[in-house]
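Please read this briefing alongside the sequence and the coordinates.

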Amino acid sequence: MTLSQDRSPAVNTQLQPAVTTNLDRDVEIPTDLRIRSDVSLKGLTTWKVGGAAQWYLEPHTIPEIQAGLAWARQRNLAITVIGAGSNLLISDRGLDGLVICTRHLRHLSTQFDRETQSIVADAGRMVASIAWQAARRGWAGMEWAAGIPGTLGGAVVMNAGAHGHDTQEILVSTEVLNLDGSIETRTNQDLNYSYRRSNLQGGTQIVISATLKLLAASDREAVEARTYRDLEQRHSKQPYDRPSCGSVFRNPTPAYAAALIEGLGLKGYRIGGAEVSTLHANFIINSKDATATDIRSLIYYVQSQVAAHHAIELEPEVKMLGEF
């Protein structure tokens, strides 16, 4: 059994192959486990591309995930975990094994502690929603997250960030689920955070909840104003009117990926239905009926041009899953 997560940008962009099995449509599925077969993943990614999952589970509770893991483990199936489907490119051929989508993992209400300005939320909660709820309470520290199009679980795993801030700054701890069904707590320090990285990436643990610590601000209106400002700045400079994954490449410090790509005149360059955004060069948009293969080919083309002209290897933030 193998595990992969869309919440982690990885150097090795290929999902490990599943162990060959003899499963077919007649496999017995427990009546209390809502596992479906041959489910399209196209609508579950922000790029709106990709094939079908051989088996698919959309759990609403931790016990459902544990049961799904046990079901897949008994059959020696590969496991892929996805959240909101941002920062993810799924092959047109789809994914073998069991795909677990955690976007509905919201079995607990988000808890806000007024005395400590702490937030406890499930992995399926959207980061942007949490940021706005914090701003309306006058709590500072998440203004940058108002435009993040992913789940809290994804933010924890990939150290999501914007405007010079990231998840590492506010995370206290996270609960993770191991493949054997056990749960453990890992602290901020345990995750070995760095720029868009944590040691949860490519690992065998699933984030199920997280505790965040913010700051009590004296001026609630000022916190809300900063949140609106960061969101407007993001929307004015990035093409959120078209399907994309957000930024495709990590910035190769001290350079910026967008500047390198734009400097080569690649804005508007297209392969099939995939296009380098004319608004922000570090975005590849699905301009019209793009395939995952179109997008992957364009990613590789941009990488080759930057390497040829600047001797810089752009590293994708996006996670590629399946066979291309």
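Is Tyr269 buried, partly exposed or exposed? With a relative accessible area of 31%, Tyr269 is partly exposed, where buried means under 20% relative accessible area, exposed over 50% and partly exposed in between, for a 1.4 Å probe and protein chains only. This is a predicted model, in which local features need pLDDT of at least 70 and side-chain atom pairs count only at pLDDT 80 or more, while totals for chains, interfaces and linings use all residues. Residues are numbered from 1 along each chain as its sequence is written, and side-chain values use heavy atoms, with hydrogens and water left out.

**Strand 14 and its partners**

- Strand 14 (residues 205-213) has seven of its nine residues buried; helices (H or I, at least four residues) and strands (E, at least two) are DSSP runs numbered from the N terminus.
- Strand 8 (residues 118-122) runs antiparallel to strand 14 and is joined to it by five bridges, two strands being paired if DSSP finds at least two bridges between them; Asp122 stands opposite Ser209 in strand 14.
- Strand 12 (residues 171-178) also pairs with strand 14 in the antiparallel sense, over seven bridges, and here Thr174 stands opposite Ala210.

**Aromatic and charge–ring contacts**

- The structure holds five aromatic pairs, counted where rings of Phe, Tyr and Trp (its six-membered ring) have centres within 6.5 Å, with planes under 30 degrees apart called stacked, over 60 edge-to-face and the rest tilted.
- One of these is the edge-to-face pair of Trp55 and Trp71, at 5.4 Å centre to centre and 70° between the planes; because Trp55 lies in strand 3 (residues 52-57) and Trp71 in helix 1 (residues 62-74), the pair ties together parts that are 16 residues apart in sequence.
- Trp55 is buried at 3% relative accessibility, and Trp71 is buried at 2%.
- The rings of Tyr269 and Tyr301 are stacked, because their centres are 4.4 Å apart and their planes are at 5°; Tyr269 lies in the loop between helix 5 (257-263) and strand 16 (270-271) and Tyr301 in helix 6 (residues 292-310), so this pair links parts that are 32 residues apart in sequence.
- Tyr301 counts as partly exposed at 26% relative accessibility.
- The charged end of Arg137 sits over the ring of Phe112, 3.8 Å from its centre, under a rule that asks for NZ of Lys or CZ of Arg within 6 Å of the ring centre and within 35 degrees of the ring normal.

**Enclosed space**

- The largest cavity holds about 30 Å³ of space, a cavity being a set of points on a 1 Å grid over the protein atoms alone where a 1.4 Å probe fits but cannot get out, with lining residues having an atom within 4 Å of a point.
- Val127, Met142, Trp144, Leu152, Ala155, Thr167, Ile170 and Leu212 line the largest cavity.

**Backbone geometry**

- The peptide bond from Thr253 to Pro254 is cis, with omega near 5°, and Pro254 is found in the loop between helix 4 and helix 5.
- Gln117, in the loop between strand 7 (111-113) and strand 8, has a positive phi near 55° although this residue is not glycine, and Gln117 is buried with a relative accessible area of 12%.
- Asp289 likewise has a positive phi near 55°; Asp289 is found in the loop between strand 18 (284-286) and helix 6 and is exposed, with a relative accessible area of 67%.

How values were computed: On a 1 Å grid over the protein atoms alone, a cavity is a set of points where a 1.4 Å probe fits but cannot get out, and a pocket is an open set with protein on both sides within 12 Å along at least five of seven lines; lining residues have an atom within 4 Å of a point. Grid points are joined across faces, edges and corners, and a volume is the space filled by probe spheres set on the points.
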